[in-house]
Structure formats: C-alpha cells, structure tokens
Amino acid sequence: MTTVLTPASPLTAADRCDRCGAQAYLRVVLLSGGELLFCAHHGRKFEPELKKIAAEIQDETERLTSVPGNASDEER
C-alpha cells in the first residue's frame, strides 16, 4: 500500500502549539491519521517520540532565525 501525502500549507501565526498555545513551527502528520502542531520548544522536547509515530514532520523552525531584511539598507 502506498500513501500519498499532499503538500502541507505553510504554518501561519494562527497555528498554535497543541501543548502550550505558542505559535506553531512544526506540523506532525500522524501515521494513524490527524496532525499535531508544536512550537519549536515542544517540538524539540518530544522529537524522539514523534519520529516513531509520524508519517511526516513539517519543520519551519528556520523561520525563527531568518532575517527578513537588512535594517541598514532600509535606513538609507
């Protein structure tokens, strides 16, 4: 049996961590169906267990360290 997953949409500020309510940066699609959302902290905390039950993990934590623009360029 082959499972085809549709591409997940990007997480937004409205997506909240199922554990604490902070902004979610990880979406975990479960093998059993359904999904869980986690902030970066809880995603890291539960990562070993999540990998055992996940069909897919969408990780957008790189957005936490990316710089949208160079402030010095905007000041010119």
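These entries record what I looked up in a predicted model.

**Basis.** Residues are numbered from 1 along each chain as its sequence is written, and side-chain values use heavy atoms, without hydrogens and water. In this predicted model, local features need pLDDT of at least 70 and side-chain atom pairs count only at pLDDT 80 or more, while totals for chains, interfaces and linings use all residues.

**Strand S1.** I began with S1, residues 26-30; strands (E, at least two residues) and helices (H or I, at least four) are DSSP runs numbered from the N terminus. I found five of its five residues buried, that is, under 20% relative accessible area with a 1.4 Å probe, protein chains only. Leu 26, Val 28 and Leu 30 lie on one side, and Arg 27 and Val 29 on the other.

**Partners of S1.** I noted that S1 pairs with S2 (residues 35-38) in the antiparallel sense over four bridges; pairing requires at least two DSSP bridges. Val 29 has Glu 35 as its bridge partner in S2. In the hairpin of these strands, Gly 33 takes a positive phi near 105°. S1 and S3 also run antiparallel, joined by five bridges, and Val 28 is bridged to Ile 57 in S3.

**Glu 60.** I located Glu 60 in the loop between S3 (54-59) and helix H2 (71-75). Is Glu 60 buried or exposed? Glu 60 counts as buried because its relative accessibility is 9%. Leaving aside neighbours within four places in sequence, I listed its contacts (heavy atoms within 4.5 Å) as Ser 9, Pro 10, Leu 11 and Tyr 25. A polar atom of the Glu 60 side chain lies 3.1 Å from the backbone nitrogen of Leu 11.

Notes:
Buried means under 20% relative accessible area, exposed over 50%, partly exposed in between (1.4 Å probe, protein chains only). A polar contact is a pair of N or O atoms within 3.5 Å; within protein, one must be able to donate a hydrogen and the other to accept it, and residues adjacent in sequence count only if both atoms are side-chain atoms.
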